[in-house]
Each structure stands twice: as C-alpha cells, then as structure tokens.
Amino acid sequence: MGNIVFGAPTIRQYHLHGLLAQSLMRRGHRVTVLAEDPVTQRFYDAQGLRTRLLPQQTATAELRGMPLEAAALRDCRLAGIANPGPGRLERVRARLARFVPGLLRYFCVETPDLVLIHDRRTGLHRLIQYIAKEFGADILHTAPGLLPGTMQWDEDGIDADSSRCRRNAKAYTRRPRDEMFLMAALAAVLGGVGATPTERSRVQVPGLRDRMRAMLSALRRGQLGPAYHAMTAWQRAHAQAEAAARDAEPLPESPFVAVMLQEGDEASMRVDAVDAPNHEQLVIATQAATFAVDSSIPTAIVPPRSGLSRDVEQAIRSRPGRFVVCSPDDAMLALTTALAVTTVHHPHSLAAILAGTPVLHTGSALFEHAEVATKTTTDRLRFDLAQAIERPNPPWRESYLTHTLVYDHVWCDAEEPDDNGLGGLVQHIEHRIAASAAESPEVHYRAGPVWPLLTTTEE
C-alpha cells in the first residue's frame, strides 16, 4: 500500500483532508499529516489522524543546494512585500532554513510515496516539494479549480506554478473535444447545481491542557500566529459564512461589459499578478474602453465576497457612464452573458470562455498559455477590448476546455467534497503511485457535473 503525506495543511482545510484520509486509509494506505506548527499538529491529532510535527533546528551543511532564496521571496510576496530589503529577506530565509534538517531526516526515514499539498504556495511548501522530489516522492498539488465545484491538480504547483503553463496553444489543436460534456458543464455552472456533499465529520476540540501545551510550544518556536489562535484554532475547521455585497443591483438587460474583481490578499494576486491594478483602476479602465466601443454600454461590476469598499464605489459613481454593482452570486450569469469580461485573472473566468465570451486579463492566468483569452494592461484595454469583441473564438477552444475539465481538473468541491470527487482523488493518487488496494473494490469516478452521474446511477 501507499505511504501518503499531507504537506503542512491548515486547520481551515481539515474537512477535505479528513475525508480524503478516511477514504485512503479504508483502502489500506498509510496517511500522515506533516504539520508546520504545534497547534495544527495537536488539532489533527485530536481528529484521530497520524501526525508529525516538523522540528526546527540549526542547519549547516544541509542548506547547500536548497532553494531558500526563492522560498523566502515567495513568503515575502505572500505577506504583501513585493520587493523586500536584504535584511527582511535574510530573516525569512533563516526561519525557513530551520525546517531543512527535520525535512531531510523525515523523508530519509519515512520515504513517502506521494506528498499532497492542497492550496498552499508558501516558501515552506516549496522546500517540502524540493526535498520530496530529491528523495523520489511524487507530488500532487490541488486547489479550487477554474469552475465552481472543481479542483485543479498538477505535479508542479497550482495557478501560475502549474506545469500546464509550459504548454502552448498547439498542444490543444489535435486534442478531442466533447461538445455535449461542455454544454452540461455550462448548464451546471448557470444552474448552480453541485453534487451532494459527503457528511462532515464531527470536529473534536482538543482539550484545554493540549491547547495550552500547543500554545507554549508554538511560542518557543517563534510561531506567534498559531500561538495567538491556539485557544480558538479549531473553529477554523468549520464552514465560514461568506459576507454578502451591499446594495446589489440586477444585471443590465441590455448588452454590458463585466468586470470580475478579486480579493486583494489572495495568494494568486500577490504571487502571479505583478503590479496588478486595484479595483478602482480596473473598473475605470474597463469603463473607458467600453465607452470607446459604445458610450451607451453599461459596465457591470462583480465584487468579491467581501464587497466593494465605499471609497472605491464613490470614486466610480462620480465618473460619467453607467455602472452597476451586482451581487457576487450573479457572477456566473454575468460572466456567461456579458459582451466581454475584464479581470486580473479570476479563475472562474473560465465560465466566460466556456460560454464563448471574450475574456481580457491583466495577470498571469492559468488559461493564458492556451491563447483562449487576451492578455492586456489597463493602458491597452481600450484597444484590446474592441478587437476581442470582434475576434472569433479560436478553433481549439473546445478541445482546450474538454482536456482541462476532464484531465486537468477533478470534479470535487474543495469546501464541500462529495463521494464521486473523493473517489477521483483516490483514483488519481493510486494511479500516480501505482499502488491500489488489492482487497478493496475498484474506485469509480466520472468527470463532469452532477446530472450525468445521476443518470448513470439510474441506468
């Protein structure tokens, strides 16, 4: 059987990790949670999972060849510091270096078959990936996908770190396409239909003594964030209610151009979007480009879940032209019915591509390599928008979408996984490590939205 390691997950991600661990262990695989801090380690241990805390030690010769500078720069960017000074970079590098001896010993003794890293792009995870590969372990990165209810997976990383970004448009010109599958996917997106999620496991709260010990241990390690949240960290494993946008307006009935906004503190915004325009800059550039095409066309703003700040909204309202601030819940309808969509690189923009809507993005998008969208800047947007509206869709668009949604994604919601999606993850892991459970039944998984699965079941 396989030896599977979950690479430094967060407590917030417990639901997916817990259900996947149960599915793997039922098939005889060994699963270990490699924890970054004592608080996370104590939490996963309280849920009955095998855990291992990464020790921090002074490193000497072990540092040779380690990508510590790149890892430190990644952590600085995730903290919102795009150009850190030498002093800050060295402090982050020294912190990461203390994990190296423990990682080397762990992979030398345990020899995992596969390391799963879910939606994490920190410097520590870059080190885990590097060392795991040096010891011959396979890597699988997962994260929320380009459509709701899906997850992307790749051996190199997620978003702009993904290996698929090294492909080009020619890679899809001879790939098969499935028009019925794509129609079903689009219908599922518009209908908001998802698979029935697997029942959540009851979260076991670590005892007060365990939480106090974890807090003290985190303080000794200099991990102030986990120590601060030690008493209430378990609450992060529960589903969190999303904030609703204020004063949402309906989408225009006439043709409109949509602006898909993102949270500024998202990891992909800080890592993959160099000098990205802020909300106000992107909206104003889109409105100016739209006005140049036709002054009567309104601009529909799809805010992030946290909403649009009042300062930004006031600045936008003071400008000429018609602006509509709609609800985040209308995002899929806006993406699929707009005349065109502008964004930094919102992943769900793939829904617009699925509907044949032109997409213009300023950041490094996961679909950029396939040339199914237009890379632009706020300065060029007024010229690129008019051309994108007139330009026909590339002939390989459907082939790209079919391959992406069948092979580069698993149809499983990262927050509310279902049995079929978990089966897809287990099947993919067993395929990658060439280890299946001899006495367990074959894992069944089918890519696609929920109703083809229901139809198959009824038949």
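This is a predicted model: local features need pLDDT of at least 70, side-chain atom pairs count only at pLDDT 80 or more; totals for chains, interfaces and linings use all residues.
Both D159 and R121 are buried, where buried means under 20% relative accessible area, exposed over 50% and partly exposed in between (1.4 Å probe, protein chains only). Residues are numbered from 1 along each chain as its sequence is written, and side-chain values use heavy atoms, with hydrogens and water left out.

**Salt bridges**

- The whole structure holds 24 salt bridges, each being a side-chain nitrogen of Lys or Arg within 4 Å of a carboxyl oxygen of Asp or Glu.
- D159 and R121 form one of them, at 3.6 Å from N to O.
- D159 sits in the loop between strand 6 and helix 7 (179-191), and R121 in the loop between strand 4 (114-118) and helix 6 (123-134), so their pairing ties together parts 38 residues apart in sequence.
- Helices (H or I, at least four residues) and strands (E, at least two) are DSSP runs, numbered from the N terminus.
- E249 and R317 make another salt bridge, with their closest N and O atoms 2.6 Å apart.
- E249 lies in the loop between helix 9 (224-228) and strand 7 (257-260) while R317 belongs to helix 12 (residues 310-317), so this pair ties together parts 68 residues apart in sequence.
- E249 is partly exposed, at 26% relative accessible area, and R317 is also partly exposed, at 38%.
- Through shared partners, salt bridges join R74, R121, D159, D161 and D272 into one network.

**Nonpolar cores**

- The largest nonpolar core has 77 residues, and F6, L20, Y400 and L425 touch the most other members; such a core is a set of buried Ala, Val, Leu, Ile, Met, Phe, Trp, Tyr and Cys residues joined through side-chain atoms within 4.5 Å.
- Helix 1 (residues 14-26) gives this core its largest share, six residues.
- A second, separate core of 28 residues includes L63, L68, V115 and I131.
- Leaving aside neighbours within four places in sequence, Y400 has contacts that include L146, Y172 and L350, a contact being heavy atoms within 4.5 Å.

**A buried threonine**

- T150 is found in the loop between strand 5 (138-144) and strand 6 (151-154).
- T150 counts as buried because its relative accessible area is 3%.
- A polar atom of the T150 side chain lies 2.7 Å from the backbone oxygen of L147.
- Not counting residues up to four places away in sequence, T150 touches several residues, among them H409, V410 and W411.

Terms used
A polar contact is a pair of N or O atoms within 3.5 Å; within protein, one must be able to donate a hydrogen and the other to accept it, and residues adjacent in sequence count only if both atoms are side-chain atoms.
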